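Here are my notes on the model, as numbered points. Have the structure open while you read, and start with the charged pairs.

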Amino acid sequence: MANITFSKSSGLNNSVYGQSYEPIKMMIEKKAEAFEKQSILPKIFNMDTSSSFAEKITSMTSMDGFKPVDEGAAFPAESWQEGYSKTLTHVTFKSEFTITEEMLDDAKIINLRKKPTAFITGYLRMRELFGSNLLTGATGESISFRGQTFSTTCNDGLPLFNTAHTSITDAKATQSNMYKNAFSADGLGLVETAMQNYKDDKGNILGVVPDTIVIPNQMSLKKAVFACIGADKDPATSNNGFNYQFGRWNVIVDPYWQPADGTSPWIVLSSQYNEDNIGAVWFDRKPLTLKADEDPATWNMVWRGRARFSAGFNDWRAFAIGGVATGTELK
């Protein structure tokens with residue numbers, strides 16, 4: 001979660017506004033700290049900071065590896081090249097709220113608490129919504145968020161979730177990470193196996209290790225997921241067969257994910273591959289900065305907030321989605 005920077009103008013040094021500034025600041029910081037503890041963003045995105053107007057993420061393909069040679073032979077030269085790249089440009093977000101002089105005069109403590117806490121909740125919830133919409137809307141090339149369009153493509157120029165991700169070294173070699181299979185014990189096993197068989201741009205199997213399931217807040221889907229992974233016995237039979245999915249998964253229930261009626265999509269990710277290869281990334285260019293000023297026309301105290309950040313996707317292999325009608329069917 002982004003830090004919060006405070007700035008106080010000289011017009012707030014009087015007794016009325018000066019006395020209210022610090023309590024409001026304390027309420028904002030306390031609310032931000034509480035929200036940070038329940039944020040899902042660090043579980044999905046690699047959180048980082050930036051000092052530039054944009055950030056470019058690039059990679060190199062793997063090397064061919066060692067080869068057997070005859071006695072006294074020369075060293076075989078390796079072949080590698082720059083892989084796909086992705087550039088993220090930071091966007092500015094702004095808002096403001098007002099504390100009236102009359103509210104302070106009349107010591108309306110309840111109202112005074114509601115405004116700043118609602119303001120900071122709005123900012124922090126916006127970040128969560130943005131991250132959720134970006135991930136769960138990534139079956140298409142972009143999402144619309146509060147009047148602006150944001151790309152959901154990864155470094156190969158295709159949506160994060162796609163049935164034909166390309167290779168920079170072989171245009172004919174495509175791979176899918178978008179699947180039709182509904183969630184079940186077998187469906188989870190099929191998607192996990194498909195991810196473990198993902199290949200790099202040179203055709204080498206990467207050995208991706210999926211460990212996290214992301215689902216919307218649907219009762220039927222929560223029931224299916226925890227029935228599948230929450231017991232050490234086979235959930236599909238009455239015998240004592242061992243459930244190999246037991247104890248191997250983290251589950252994130254995304255309260256902001258609102259799938260279309262009649263659909264139950266689900267996402268699997270590898271947290272280690274995501275971290276090592278920058279699957280999803282979030283750059284905070286400028287933390288939330290709050291500034292309080294006295295409005296000369298009304299003598300009210302106006303709080304304004306401004307932040308800059310960007311988020312997006314680089315390497316699709318950290319993620320897979322199931323339950324999508326247009327996806328590949330695994331068998």
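1. Asp-315 and Arg-317 join their side chains in a salt bridge, with N to O at 3.1 Å. The term salt bridge here means a side-chain nitrogen of Lys or Arg within 4 Å of a carboxyl oxygen of Asp or Glu. Asp-315 is buried at 8% relative accessible area, and Arg-317 is buried too, at 7%. For the cut-offs, buried is under 20% relative accessible area, exposed is over 50%, and partly exposed is in between (1.4 Å probe, protein chains only).

2. Before going further, a word on what you are looking at. This is a predicted model, where local features need pLDDT of at least 70 and side-chain atom pairs count only at pLDDT 80 or more, while totals for chains, interfaces and linings use all residues. Residues are numbered from 1 along each chain as its sequence is written, and side-chain values use heavy atoms, with hydrogens and water left out.

3. How many salt bridges does a search of the whole structure find? It finds six. One of them pairs the side chains of Asp-284 and Arg-127, at 2.9 Å from N to O. Asp-284 sits in strand E11 (residues 280-294) and Arg-127 in helix H4 (residues 109-136), so this pair ties together parts that are 157 residues apart in sequence. Helices (H or I, at least four residues) and strands (E, at least two) are DSSP runs, numbered from the N terminus. Asp-284 is buried, at 11% relative accessible area, and Arg-127 is buried at 0%.

4. Take a look at Arg-248 as well: its salt bridge is with Glu-192, and the closest N and O atoms are 2.2 Å apart. Arg-248 is in the loop between H6 and strand E9 (250-254), whereas Glu-192 belongs to helix H5, so the contact ties together parts that are 56 residues apart in sequence. Are the two partners buried or partly exposed? Arg-248 is partly exposed, with a relative accessible area of 33%, but Glu-192 is buried at 4%.

5. There is also a network of salt bridges to pick out, and it links Glu-96, Asp-293 and Arg-304.

6. Now for H5 itself. Its twelve residues (185-196) should span 16 Å at 1.5 Å a residue, and the end C-alpha atoms lie 17 Å apart, which agrees. The expected span is 1.5 Å times one less than the number of residues in the helix. Buried in H5 are Gly-187, Leu-188, Gly-189, Val-191, Glu-192, Ala-194 and Met-195. Those buried residues pack against strand E8 (212-216), helix H6 (219-229), strand E10 (266-269) and strand E13 (319-322), with contact meaning heavy atoms within 4.5 Å.

7. Two backbone angles deserve a look. Arg-146 has a positive phi of about 50°, although it is not a glycine. Arg-146 lies in the loop between strand E6 (142-145) and strand E7 (148-151), and is exposed at 59% relative accessible area. Ile-278 likewise has a positive phi of about 50° without being a glycine. You will find Ile-278 in the loop between helix H7 (271-277) and E11, where it is partly exposed at 31%.

8. Last, find Ala-34 in helix H1 (residues 15-37). Ala-34 is partly exposed, at 44% relative accessibility. From C-alpha to C-alpha, Ala-34 and Thr-121 are 9.9 Å apart in space, and they are 87 residues apart in sequence.
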